[in-house]
Amino acid sequence: MAIDSALVSGKLAIDGGEPVKTTPNYPMYPGGMEIGEEEKKLVMEVLDHKYLFRYYGPKEYPSKVRELEVQWADKMGVKYALAVNSCTSALISSLVALGVGPGAEVIVPGYTFFASCASIVGAKAIPVIAEVDRSLTLDPADVEKKITDRTKAIIAVHMRGVPCKMDELMAISRKHKVPILEDVAQACGGSYKGKMLGSFGECNAFSLQYHKIITAGEGGIVTTNDALLNDRAMAYHDTAACWRPDRFGLPRYEGEVFPGVNFRMSELHGAVALAQLGKLDNLLAGMRRNKKRIKEQIAGIDGLEFREVNDEAGDTAICLVFFLPDEEITRKFGPALKAEGVDAGCIFDKGVPDWHVYAHWKMIIDKVTATPEGCPYTCSYYQGPTPEYTPDMNPNTLALLSRTIHMDIPPRMDERDCDMVATAVQKVAKAYL
Ligand SMILES: Cc1ncc(COP(=O)(O)O)c(C=O)c1O
């Protein structure tokens, strides 16, 4: 291994020494950084045909959005994929398809991007915020504790690229007859025990926003194996229900059609997403190779414990996350690593706002709503106790996050970049652990 012991013993950069990592850090836009000829070709086809809308154009032309749906379903091992304009839209369409609405509770982890929780309010239901475990994904034991007869869905977020404990969550789902909705925004292409993420839940939501593994700038996908759920998500995502064979015909079954919104994906986004889907495997291979190389070189450091990944082979490897013994060391470790030139940092600081930690979701904690009536919290269909949220309601989550270090693993890093990162971690660990 390529750890340079002289560098490890050197003076910390934060104390005025030389930084270990001298190469630039790549921005963490894995797919975005690979935008190239493939995307341009498909986008130009759309423009050349003046076919910007999936359902019609000046002349018949095969829709890129439709092609994306077909290829996406095939890749993720599901029967149906529905392209929408964001993951938030995918989450809301999924919740609506599942019949979540006034009176329902939905369980969501306390560590996820705010959108996972906001989508529940968007579907007029009550968020119930649960603990994460040492994988920083939903803690199945806490989910079980928080289930009530009002729970209508569990949002399993594969946070920071790592699969949730799907065996345990699926068992809870079966036992209580509560559907799982996977939030795969950060883990596109990941798997759990050989099965693709986004193929476990009754409905699942992906993101194609710019920060994600593959991207169209904005975009999302709903996946499901259930024809009725697909129909309902489709109806909701397209208020005019253009998809139906006869858009003015009678519903084929009760609950098929109802007024929705417009979450449709444009052909330009479909073209970019289609080209990006073809790049997914290479991106994953790059991140997995880099993460493995760094991990091998820092394994066994006393006091440094890797985050549980639930299934090593299914981890997308977008980042490396580890725990340190306490908050005080973590507060010093993050900035010291950054000073060594590594794009790393602490995950949680009470004083620093972050949309990924529930304690900062002030709009949920204060039950802020768009109109003064206070729905969904005051909805008369809701039969549970008045929901109360506090910043310290999930103490295990905050305790874990406050001693967590996070670093991105861009696929473009080469061996030298990885070795410098590993050396920098060794150096800071030697000084602080
Ligand atoms: C876990 C998670 N869920 C949902 C979203 C929302 O995605 P979008 O911006 O596509 O609506 C994000 C975006 O960052 C996310 O990280």
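What percentage of the 433 residues in the chain is buried? Buried residues account for 58% of the 433, where buried means under 20% relative accessible area, exposed over 50% and partly exposed in between (1.4 Å probe, protein chains only).

The model is predicted: local features need pLDDT of at least 70, side-chain atom pairs count only at pLDDT 80 or more, and totals for chains, interfaces and linings use all residues. Residues are numbered from 1 along each chain as its sequence is written, and side-chain values use heavy atoms, with hydrogens and water left out.

**Whole chain**

The chain has 14 helices and 13 strands; these are DSSP runs numbered from the N terminus, with helices (H or I) of at least four residues and strands (E) of at least two. The radius of gyration is 23 Å, close to the 22 Å from the globule rule for 433 residues, so the chain is as compact as a globular protein of that length. That radius is taken over C-alpha atoms, and the rule is 2.2 Å times the number of residues to the power 0.38. Along the principal axes, the C-alpha atoms fill a box of roughly 75 × 55 × 40 Å.

Of the contacts (heavy atoms within 4.5 Å) between residues at least 6 apart in sequence, 72% join residues at least 24 apart. The accessible surface is about 18300 Å², and 55% of that surface belongs to carbon and sulfur atoms; areas come from the Shrake-Rupley method with a 1.4 Å probe.

**Strand β9**

Strand β9 spans residues 220-224, and five of its five residues are buried. Gly-220, Val-222 and Thr-224 lie on one side, Ile-221 and Thr-223 on the other, and both faces are covered.

| Partner of β9 | Residues | Sense | Bridges |
|---|---|---|---|
| β1 | 80-84 | antiparallel | five |
| β8 | 203-207 | antiparallel | four |

Within these pairings, Leu-82 is bridged to Val-222 of β9, and Ser-207 to Gly-220 of β9.

**His-356**

His-356 sits in the loop between β12 (344-346) and α12 (362-365). Is His-356 buried or exposed? His-356 counts as buried because its relative accessibility is 18%. Leaving aside residues up to four places away in sequence, His-356 touches Gly-110, Tyr-111, Thr-112, Phe-113, Met-159, Arg-160, Gln-186 and Trp-361. Gly-110 is 246 residues from His-356 in sequence, yet their C-alpha atoms are 8.0 Å apart.

Technical notes:
Pairing = 2+ DSSP bridges.
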